[in-house]
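Reader: I have a new model to read. Where do I begin?

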Amino acid sequence: MPDPLRPFEPTATHPWDRRAAAHLLRRAGFAPDESSIRRAVEEGVDATIERLLSDEPDCAAHRELDDLGKALAVRNDIDRLRGWWLLRMCRTERPLRARMALLWHDHFATSNTKVASAALMLQQLRTLERHALAPFEQMLLAVARDPAMIVWLDGNLNIKGRPNENFARELFELFSLGEGNYTEDDIREAARAFTGWHQRRGRHRFVPGNHDDGGKTVLGTTGRLNGDDVVRIALRQPACGRFLADRLLREFVTPAPDPELRTALAATLRRGDYDLAATLRVLLRSAAFHDPRHYRARIKSPVEFAVGIVRSLGVRAAADELSSATSQMGQRLFEPPSVEGWKGHRAWLNSATMLVRMNAATTAVEPQRFDPDALLAEHAASEDPAGFFGNLLLDGVVPAALRAELDGIGGAGADRTRRQVRLLLTAPEYQLC
Amino acid sequence: MRAATAIPLVISLLALAPATGQSRVADWLPDRCAGVIQVYEPGRLLAPIRTWIEQQVEDQTMLARQIEANQELTQARIVALGLAASAGVDIWEALAALLGDEIALGIAPGSGKGPAVGLIVRWENKALAERLLDAILALAQVSRTERTTTIADQQCYRLENDGHLCRVDGHLVIANSREAMLAILETRAGQRTPITRGERFRAGLQQVPGDAVASLYTDLVRLRPLLDRGRDEPGKLREAFPAFLFGGWDWALRHSPGGVAWARLTDDALVLEAHLPGETPRPATHVGFTQPGSPQRVWQARDLPRYLAELRIARDWSALFREREALLTLSGVSDANNFATTVSNLFGGLDFVNEVLPHIGGPTRLVIADQLWPADQPIPVPRLPAFALVAPLKPDAPQSLRARLFSAGQMALSLINFDAAQKGEVAYLLDIDRHADTRMVFTTFADYSEAGMQMDPVADTTGGGDDDAPAEVSIRYNFRPAVTIVEDQVVIATSDTLARDIIDRVRAAPQGRPGDPDTRADDVLDLDGQALVRILRANHRELVINRMLEEDQSRADATRDIDIILELLDQVAGLNLRVRALADGYRGTLSLPLRSAR
């Protein structure tokens, strides 16, 4: 059985071409623009992955937007903050980091419906972004101290003698181990370790008087354990590697990972002390990632759909419109539906959300937002607009029926091209990532 | 600074020939038009605009610099200059020629594809206008053979989106559809009845004074079916608050044959006037939409320090609540009942509808004034002005009601505090003071030192560029409610400073007499433009942020746009809207005073 994480070797039948490059850029970020695809094809797979993993500062346009976060938090305007986050995703030149922050927001699902503070939600987002590609231990330790998480899972009620188990339970079940890899006793004992871990006015506060400093046994380890100890004990469990591997594979490779692939990635994670950047370098370069079976195997989330359109077509987008559209499609950032986050994949699509996607596509190609002629001229593709946009949006894999429909669209000039692009954006194939 | 940048515009326009009310260009509009806009001698409007723009350029104002720096405007200007030069004139002569000496725009309900719109311009200098139009059409590639078509024996050009353009008898005609163009050309040829022969149109236009520069006529009989579109119950409104504010206007719109509005220029203002006559007197269910002012202290909100605006509404709230079932849909009635029940609870058993509202006189006033922010207090973001709701008690209101109003105010503040506590927010400290011998309940924030945003500053490492800026707090810190009753005026304010200022003004004001302008049953909106610009400038950063997010702009572009908007607003000294309720309709006047000196 070959190692599923062995490096991808381009062949004549499966070359490193624009389709492979677009697949990588889409999965490790958002739908790319034409220039990004061409550069990736030219630079090769290794250079493209290194560019994705780069920790260089983001571009000026992104930094300019970034500076607005604090002002929006002061206003406690969560709707605007949601749109601001989406607009940053549209403008970033570090799409993998943005994609990982989005993943962690789903993983550590915290909702402003209870937190009720844009400032705390922003603070959590900054934490998720800062540790997006760092070793997972740093992320878990930071999340355990995150004020929004403490409000969300009632950390202030977790006091000596009356431990509140909410955080301890989610730490094991949803954040690190998964169901069946801990006992109720482990949760009770872990909750004692987090007693006194409170938040006050946006800062983590350890209140010694509320902390249970007695002996505890968690997942087989005994001692006068505190919260940090519990996080490290959880990370030492083999189940943690499998759990995190499964999460990464479902995000980047396939909604139904093979057990062998999961085992291999879990081993990679544990060997590398859960260094996420190093793990992703292996995963994105792997034969499994580039396996044709996994091409367009996931359904785009609303954020992937909306941000992807903006990025690939260079559409002008307003923060509020992005926020409203993605919310109506079922992904209201900062307000995941439960501690389990969004169900994702097939749950993203139904008749109602598909209608919203169609409306969003119609809005995106309005003349005041989208200039197809400029894009065609930039890439010397004015002769065949449908072909160019079919390549850009569907990697050139345009079913014959769809191509016939595209060609059958009447009219002329930019108006016709806009209608062709709209048809591509609402095609079933475009809903896949 | 140069004086009178806006004055030349006003003075020049005063010399305009009076409108006759007997339109000539509108004779080409068919009688199915529901709306007609007419501009009288538009070419002559250009002279004052030219003077104003040249003054801006000469003074190198911020507006002029921004416009010069705008690439799109510069390109458009170059194209316009080229077109004018090709016709041997300057750009202003070209514009005057194209705008002609009379313009009429007609709008008619369409057949499924939106309204039909037609524009007719009568050219004074036909030869020059024709030359210019030829150049424009050639540039836009409209005059190509394949875009020509014949409608009603006239050669026309097809534009984008089914638009059509035609030149006939020294007139330019543009319509948004072939059908609309056909209707205009057939009306011109006498094959259709023009709107100008209609009774309602003629009656409406007769009211337009001779010095009007433009007029708008609306045929409400034709539009009436549209007013009920989408409504659960025709004639009724869904939301109680807007229904009680605007239900009277809604009724008048539904019972008026047609409305007419016109614009005039006085020596220091642009004045818009409108008349909405009714066909029948207002019914008994709608009498609550007017209420003569109670005998009360006549105090002027404009005298308040840092005055910004005032909204004065003449409503008999008690009568409106009494007739809520006639005015509101079923769900609106339910909401109104819920509101009344909730407020009754604050009055400790008094029935809000039957025991409180009947003692409230008119008019109800919303007064707005800028706030001062002490140096030792953090500044809210955005920085809002203070608001005060002021309503008079009728002379026969029982003395006990005053105490009940105070206790209701305190109870409401306590509920706000309880809600704040549940959210972990800083609560109000409730206090009582006497100002000018008047009792006042007011609030301060219990703790300003911890009022900053709930966020660890070290956590926002990416967006922490403004860490050295003064402490800022959220929008709620704009509101420190105060309640008082001075003389017969009940005051609920969002700052104790404004409440104190109102106390001072009311106590110094004379007793009103019946017939005083300030006791009439008029709705009034008054705004100090300069105060508004000051407040907007104080929120400049917030406006730029909003623009960046709403328009997907860079900071530089957003800043430029906001600066232009503020500079344009700065040209308007204020706004005054007065709407008088007549027995059967309304008459309104909107005055926009222009700044006389910079």
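Author: Begin with domains; their bounds come from an automatic or database domain assignment. Chain A is divided into domain 1 (135–254 + 256–294) and domain 2 (302–431). This is a predicted model: local features need pLDDT of at least 70, side-chain atom pairs count only at pLDDT 80 or more, and totals for chains, interfaces and linings use all residues. Residues are numbered from 1 along each chain as its sequence is written, with chains lettered from A and ligands numbered from 1 in the order in which they are written.

Reader: What separates the centres of domain 1 and domain 2 of chain A?

Author: Taken over C-alpha atoms, 37 Å.

Reader: Which domains does the assignment give chain B?

Author: Domain 1 (20–205) and domain 2 (291–316 + 361–457 + 470–520). Their C-alpha centres lie 51 Å apart.

Reader: How many helices and strands has chain B?

Author: Both are DSSP runs, numbered from the N terminus: helices are H or I, at least four residues, and strands are E, at least two. Chain B has 19 helices and 22 strands.

Reader: How do I read one helix?

Author: Check its span; 1.5 Å times one less than its number of residues is expected. Helix 18 of chain B (540–551) has 12 residues and reaches 16 Å from first C-alpha to last, close to the expected 16 Å. B:Asp552 follows, with a positive phi near 55 degrees.

Reader: Which residues of helix 18 of chain B are buried?

Author: Buried means 20 or more other C-beta atoms, placed from the backbone, within 10 Å of the residue's own. B:Leu543, B:Val544, B:Ile545, B:Asn546, B:Met548 and B:Leu549 are buried.

Technical notes. A residue is buried if 20 or more other C-beta atoms lie within 10 Å of its own, exposed if 12 or fewer, and partly exposed in between; C-beta atoms are placed from the backbone.
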